Amino acid sequence: MRAPFLTNFSICHLWNTLHRIFPRHIAGQSFAEAVEIALQEKAMRRPRTRAEFRNVCDRILRHTPSLADRKISRISREECGEIIRRVFPTARQQEKARRILHSLFEISIRYGKCVSNPIVGMARPQLCENEVRPLSWEHLRALLRTARKREFQSCMPPLGLMLWAGIRPAEVCRLRWSDIDWEENVITLRPQHSKTGGARHVTLQPVLARWLQESGMTREGKICPPNWERRWKRLRTIAGVLPWQQDVLRHTFASYHAKFWRNFPLLQTEMGHRSAELLRTRYLSMYGVTREHAIIFWRPGGL
């Protein structure tokens with residue numbers, strides 16, 4: 001009697017089943033070794049992404065040194081949860097650690113060092129999103145008025161892209177003038193430019209096009225001027241817009257966009273969000289945003 005024929009699928013299923021039943025037979029890769037392999041796989045990612053991955057894993061190992069030599073296949077969901085809660089005090093830090101550990105285990109699975117991801121199904125920490133109000137009308141006018149001074153004209157392009165296109169501060173530092181298509185009226189954020197690693201197109205609104213032309217820049221090379229961070233901080237200080245809230249210009253863009261166009265699917269696309277949930281929970285604060293101000297905000301030369 002001939003043995004039943006085994007398909008590739010049934011062989012893989014049998015192999016995974018044996019690994020679940022007999023985890024001791026899995027190749028012995030430690031947690032520390034898994035971190036190094038994951039970093040090698042992320043070699044083409046941005047330095048900031050790799051540094052963040054490294055910092056979270058190093059922090060876990062500093063607080064739990066015995067984890068370094070543990071087989072990654074032997075680390076349970078309960079143990080991961082306890083480590084995350086103990087090492088990272090805030091909900092936002094815990095969520096970041098959860099995402100990074102999820103990535104670490106997924107890479108280990110692809111390399112055959114682990115058969116399941118203990119982070120899958122783990123309860124996510126409850127994030128309490130604080131309201132981020134858009135820049136006040138007075139501060140907005142003061143910021144633009146200061147940027148028009150000769151000393152700060154080189155800062156006008158990145159400021160305009162953050163304010164009227166909703167581009168993140170870290171993203172605008174990576175943009176070049178060649179990423180702006182003046183004929184199609186779009187700004188292209190390539191995967192290596194965006195925070196999420198995905199490409200997106202943002203509309204070059206007439207108000208932004210006029211602002212960029214007013215800056216008088218040569219439109220060559222990078223959009224941000226040399227010593228951008230220092231110039232940008234000094235501009236805000238002289239304008240009197242202190243204390244400065246991170247990403248406030250992106251929030252201002254979202255609020256005025258929603259007030260004027262009332263097109264949330266379009267805004268979600270412009271912002272580069274995968275869903276509208278983040279817009280509803282964090283970005284759309286209409287505090288101080290009037291219909292009259294929204295009309296002026298989007299009018300070329302209105303501010």
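Select Glu171 to begin: at 1% relative accessibility, Glu171 counts as buried (buried means under 20% relative accessible area, exposed over 50%, partly exposed in between, with a 1.4 Å probe and protein chains only). The model is predicted, so local features need pLDDT of at least 70 and side-chain atom pairs count only at pLDDT 80 or more, while totals for chains, interfaces and linings use all residues. Residues are numbered from 1 along each chain as its sequence is written, and side-chain values use heavy atoms, with hydrogens and water left out.

**Salt bridges**

Arg200 forms a salt bridge with Glu171, and the closest N and O atoms are 2.9 Å apart (a salt bridge is a side-chain nitrogen of Lys or Arg within 4 Å of a carboxyl oxygen of Asp or Glu). The pair links distant parts of the chain, with Arg200 in strand 3 and Glu171 in helix 8 (residues 169-172), 29 residues apart. Helices (H or I, at least four residues) and strands (E, at least two) are DSSP runs, numbered from the N terminus. Arg200 counts as buried at 7% relative accessibility.

How many salt bridges does a search of the whole structure find? The search finds 14.

Next, select Glu52 and Lys96, whose side chains meet in a salt bridge (3.1 Å, N to O). Glu52 is in helix 3 (residues 47-63) and Lys96 in helix 5 (residues 91-110), 44 residues apart. Glu52 counts as partly exposed at 32% relative accessibility, and Lys96 counts as partly exposed at 31%.

Now go to Glu95 and Arg124, where the side chains form a salt bridge (2.5 Å, N to O). Glu95 lies in helix 5 and Arg124 in the loop between helix 5 and helix 6 (137-147), so the pair ties together parts 29 residues apart in sequence. Glu95 is buried, with a relative accessible area of 5%, whereas Arg124 is exposed, at 52%.

An open sheet of 3 strands has the order 1-2-3, with antiparallel pairing (two strands pair if DSSP finds at least two bridges between them). Strand 1 is joined to strand 2 (residues 186-189) by 2 bridges, and Asp181 stands opposite Val186 in strand 2.

**Helix 7**

Select residues 156-164. Is helix 7 buried or exposed? 9 of its 9 residues are buried, so helix 7 is largely enclosed by the rest of the structure. Among the buried residues are Met156, Leu159 and Trp164. Gly166 follows helix 7 and has a positive phi, near 70°.

**Helices 11 and 14**

Finally, show helix 11 (residues 248-261), where Lys259 lies, together with helix 14 (residues 291-298). Their axes come within 9 Å and cross at roughly 110° (axes are lines fitted to C-alpha atoms, for helices over the stretch in contact, and angles run from 0 to 180 degrees between N-to-C directions). Helix 11 and helix 14 are therefore roughly perpendicular (65 to 115 degrees; under 35 counts as roughly parallel, over 145 as roughly antiparallel and the rest as oblique). The contact (heavy atoms within 4.5 Å) includes Phe253 and Lys259 of helix 11 and Ala294 and Trp298 of helix 14.

Stop at Lys259. Lys259 is buried yet has no salt bridge, and the nearest side chain of opposite charge, Glu292, is 11 Å away (Lys and Arg count as positive and Asp and Glu as negative; His and the chain ends are not counted). Leaving aside neighbours within four places in sequence, Lys259 is in contact with Met286, Val289, Thr290, Arg291 and Ala294.
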